[in-house]
Amino acid sequence: MNKNWLCGVVIATFLLGPALTFAEPADEEKEVFAELSALIPQDRVASVDDLFKKWQEVQEKKSDAVILDIRTGAEFYAGHLLDANNIDSGNPYLVPRAWPDPNTEIWVFCRSQHRATYFTSFLYRYGYKNVYLVHGGIAGWAEKGYPLYSKHFGEIKVLKYDKALKEEYKTRQFD
């Protein structure tokens with residue numbers, strides 16, 4: 001066997017092996033996201049307009065549905081739906097403590113829908129049966145001109161929603 005050929009195979013395996021055997025993190029995240037999305041029944045994916053109708057029913061006391069904003073506290077207090085509940089997206093385990101009945105009607109949204117998809121899928125895994133994922137989130141709500149509220153200002157109106165203002169999350173580098 002040619003020594004140079006064997007050396008080339010070893011180097012190629014060393015350099016290309018990880019690329020061939022491990023998916024990129026972005027690919028893995030897409031795969032996990034797709035798996036979790038599949039846990040949500042398609043008839044439970046709602047629009048911002050659907051949420052607005054449900055929110056009106058809740059305001060008029062015609063529905064006892066839970067409107068659940070899973071954005072961070074800072075995002076929530078910048079502007080939220082009146083009487084919405086707030087649990088940070090990283091804490092779905094708090095839902096069974098707050099609403100132990102798995103038949104509770106819960107409408108989940110975040111800024112767009114990414115975090116809400118994860119959160120909603122966890123609720124289905126916890127055994128909840130009546131959870132709605134709101135497609136479009138608070139950004140879609142604001143773009144429609146639906147009312148938002150602030151603890152300090154009362155009702156606020158977003159005149160123009162600028163997606164460029166989206167907060168960019170940075171990953172802290174570990175030593």
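Residues 24 or more positions apart account for 66% of the contacts (heavy atoms within 4.5 Å) in the protein with a separation of 6 or more. This is a predicted model, in which local features need pLDDT of at least 70 and side-chain atom pairs count only at pLDDT 80 or more, while totals for chains, interfaces and linings use all residues. Numbering starts from 1 along each chain as its sequence is written, and side-chain values use heavy atoms, leaving out hydrogens and water.

**Overall make-up**
- You will find seven helices and seven strands here, taken as DSSP runs numbered from the N terminus (helices H or I, at least four residues; strands E, at least two).
- Of the 175 residues, 35% count as buried, meaning under 20% relative accessible area with a 1.4 Å probe, protein chains only.

**The sheet**
- Five strands make an open, parallel sheet in the order S1-S5-S4-S2-S3, where pairing takes at least two DSSP bridges between two strands.
- Strands S1 (45-46) and S3 (85-86) are the edges, each pairing on one side only.
- S2 (residues 66-69) runs parallel to S3 and is joined to S3 by two bridges; Asp69 has Asn86 as its bridge partner in S3.

**Two helices meeting**
- The axes of H3 (residues 48-59) and H7 (residues 137-144) come within 9 Å and cross at roughly 80 degrees; axes are lines fitted to C-alpha atoms, for helices over the stretch in contact, with angles from 0 to 180 degrees between N-to-C directions.
- That makes H3 roughly perpendicular to H7, a label covering 65 to 115 degrees.
- Val48, Asp49, Leu51, Phe52 and Trp55 of H3 meet Gly137, Gly140, Trp141 and Lys144 of H7.

Notes: Parallel < 35°, antiparallel > 145°, perpendicular 65-115°, else oblique. Buried < 20%, exposed > 50% of the residue type's maximum accessible area, 1.4 Å probe, protein only.
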